[in-house]
Amino acid sequence: MSNTPSTPAAPYADVWSGGRTVAVVGASGHTGRFVVAELLRRGAKPLLVGRDRGRLDALRGLAPDAPVRVASTEDAASLDRALDGAVAVVNCAGPFLATSFPVVDAALRAGIPYLDVAAEQGVTAALFDTYGERAREAGVVVAPSLAFYGGLGDLLATAALGDWPDADEITLAYALDSWHPTRGTRVTGESNAGQHLVHSGGRLIPFGYSQDVFAWDFPKPFGTQDASAFATADQVTLPRHVRTPEVRAVMNLAPLRDIRAADTPEPVPADAGGRSAQTFAVEAVVRRGDRTRRAVAEGRDIYAVTAPLVVAALERILDGRGGAPGVRAAGEAFDAPDFLRALTPEHLTRVDLPL
Ligand SMILES: NC(=O)c1ccc[n+]([C@@H]2O[C@H](COP(=O)([O-])OP(=O)(O)OC[C@H]3O[C@@H](n4cnc5c(N)ncnc54)[C@H](OP(=O)(O)O)[C@@H]3O)[C@@H](O)[C@H]2O)c1
């Protein structure tokens with residue numbers, strides 16, 4: 001869709017001084033554009049990578065000085081040329097089933113951090129399973145699913161755990177007032193159909209969406225609403241660093257109805273930053289015996305908020321506040337409370353964490 005996020009000047013951390021270059025694969029996409037805008041805002045130099053020069057050239061208004069490199073995920077040499085000179089790569093090209101592995105391979109060859117925004121649980125699980133040792137050997141951090149689905153819930157659950165070394169159950173509750181899916185979400189939903197997973201009984205097992213509806217008490221302003229079980233990438237990332245047999249997710253019905261309807265329109269910009277009017281609240285509830293701890297985040301536009309999540313993660317990896325080399329989940333790599341608070345109130349309107 002033709003969303004053009006604006007880029008008000010707000011230079012950030014020293015890590016970007018000298019204008020370090022970050023390759024954004026899938027820069028022409030809805031989420032890719034938010035990531036490019038966020039990099040510019042922080043003082044980084046985005047390098048626009050994609051398979052279609054015309055669509056990359058259309059980003060001139062957003063990033064007039066950014067170099068453009070055309071590359072195909074089926075052509076390793078083109079990816080190597082595209083990443084040449086970059087200090088990191090952020091992959092926003094989904095479905096990730098087609099792009100993750102070739103772009104991670106290229107990042108490892110280049111010896112630079114790889115981050116992506118994948119919502120596909122199976123792809124993220126495969127990255128953890130396949131690339132851990134290679135990433136450690138290459139001295140590179142690979143951080144998949146650093147996004148609304150994947151990163152945010154993982155950070156919230158990690159912050160909620162605090163000093164608990166484990167949990168009997170983690171529940172992630174997602175309340176969205178609506179969900180206007182992008183073309184990429186639709187295509188990814190189709191390619192990912194039947195591939196959903198849930199972490200239960202201490203392992204990832206297939207998850208099937210059902211018609212079961214139950215009442216769930218979401219954080220204000222959503223309150224009690226009809227809800228259904230949901231599948232999210234956080235269910236893959238959390239058990240990689242938190243000992244727990246159960247990670248379940250629930251979502252209110254309104255957004256589920258939206259994405260199931262073929263005629264729900266794409267998101268439209270509603271503010272100067274290109275964000276839509278969509279609002280969300282995400283709550284992580286961790287239970288240990290009969291005690292629970294909670295962490296909540298509220299914000300606006302699940303696609304737009306993905307950009308500060310993944311760029312803040314990259315910033316921390318580059319300035320040494322990220323985890324050791326390897327495939328890393330957000331809550332494992334970063335100081336979760338500090339990370340979440342740093343995004344508030346600019347990108348998350350409210351964050352409530354246990355003291
Ligand atoms: N985890 C989360 O919370 C979260 C948040 C946001 C987005 N996402 C995921 O991110 C992906 C993109 O979403 P979007 O909304 O940005 O979609 P979009 O607007 O359709 O953009 C998709 C981008 O990926 C590129 N692309 C797709 N397949 C490719 C391939 N095989 N090789 C190279 N480039 C390819 C597209 O290039 P062309 O323009 O050439 O087609 C385009 O730049 C989806 O998989 C979505 O699920 C996840």
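The protein chain has a mean pLDDT of 95, and 96% of its residues reach 70 or more; pLDDT is the predictor's confidence in each residue, from 0 to 100. This is a predicted model, in which local features need pLDDT of at least 70 and side-chain atom pairs count only at pLDDT 80 or more, while totals for chains, interfaces and linings use all residues. Residues are numbered from 1 along each chain as its sequence is written. Over residues 7-11 pLDDT stays under 50, and the model has seven contacts beyond four places in sequence for them. Two residues are in contact if their C-beta atoms, placed from the backbone, lie within 7 Å.

The overall form comes next. A compact globule of 355 residues would have a radius of gyration near 20 Å, and the 19 Å of the protein chain agrees with this; the radius is taken over C-alpha atoms, and the globule rule is 2.2 Å times the number of residues to the power 0.38. Along the principal axes, the C-alpha atoms fill a box of roughly 55 × 45 × 40 Å. Of the 355 residues, 52% count as buried. A residue is buried if 20 or more other C-beta atoms lie within 10 Å of its own, exposed if 12 or fewer, and partly exposed in between, with C-beta atoms placed from the backbone. The secondary structure comes to twelve helices and 16 strands, which are DSSP runs numbered from the N terminus (helices H or I, at least four residues; strands E, at least two).

The protein chain is divided into domain 1 (14-147 + 306-336) and domain 2 (149-301), with bounds from an automatic or database domain assignment. Their C-alpha centres lie 23 Å apart. To the contact between them, domain 1 contributes 24 residues and domain 2 contributes 28 residues. On the side of domain 1 that touches domain 2, α1 (30-42), α5 (121-138), α10 (302-318) and α11 (330-333) each supply at least two residues, and α5 gives the most, with five residues. By class, this side of domain 1 has 14 nonpolar, eight polar and two charged residues. Ala, Val, Leu, Ile, Met, Phe, Trp, Tyr, Cys and Pro count as nonpolar, Asp, Glu, Lys and Arg as charged, and the others, Gly among them, as polar.

The ligand has 34 residues around it, of which G29, T31, G94, T182 and G184 come nearest; a residue is near a molecule or strand if its C-beta atom, placed from the backbone, lies within 6 Å of it. The shell draws at least three residues from each of domain 1 and domain 2. Within this shell, α7 (183-191) gives the most, with four residues. The shell has 13 nonpolar, 17 polar and four charged residues.

Some individual residues complete the picture. P95 is placed in the loop between β4 (88-91) and α4, and counts as partly exposed because it has 19 C-beta neighbours inside 10 Å. Most residues other than glycine have a negative phi, and most peptide bonds are trans. S145, however, has a positive phi near 60 degrees and is buried, with 32 other C-beta atoms within 10 Å. D301 has a positive phi near 70 degrees and lies in the loop between β14 (291-300) and α10. A cis peptide bond joins K220 and P221, with omega about 10 degrees, and the bond from T344 to P345 is cis, with omega near 5 degrees.
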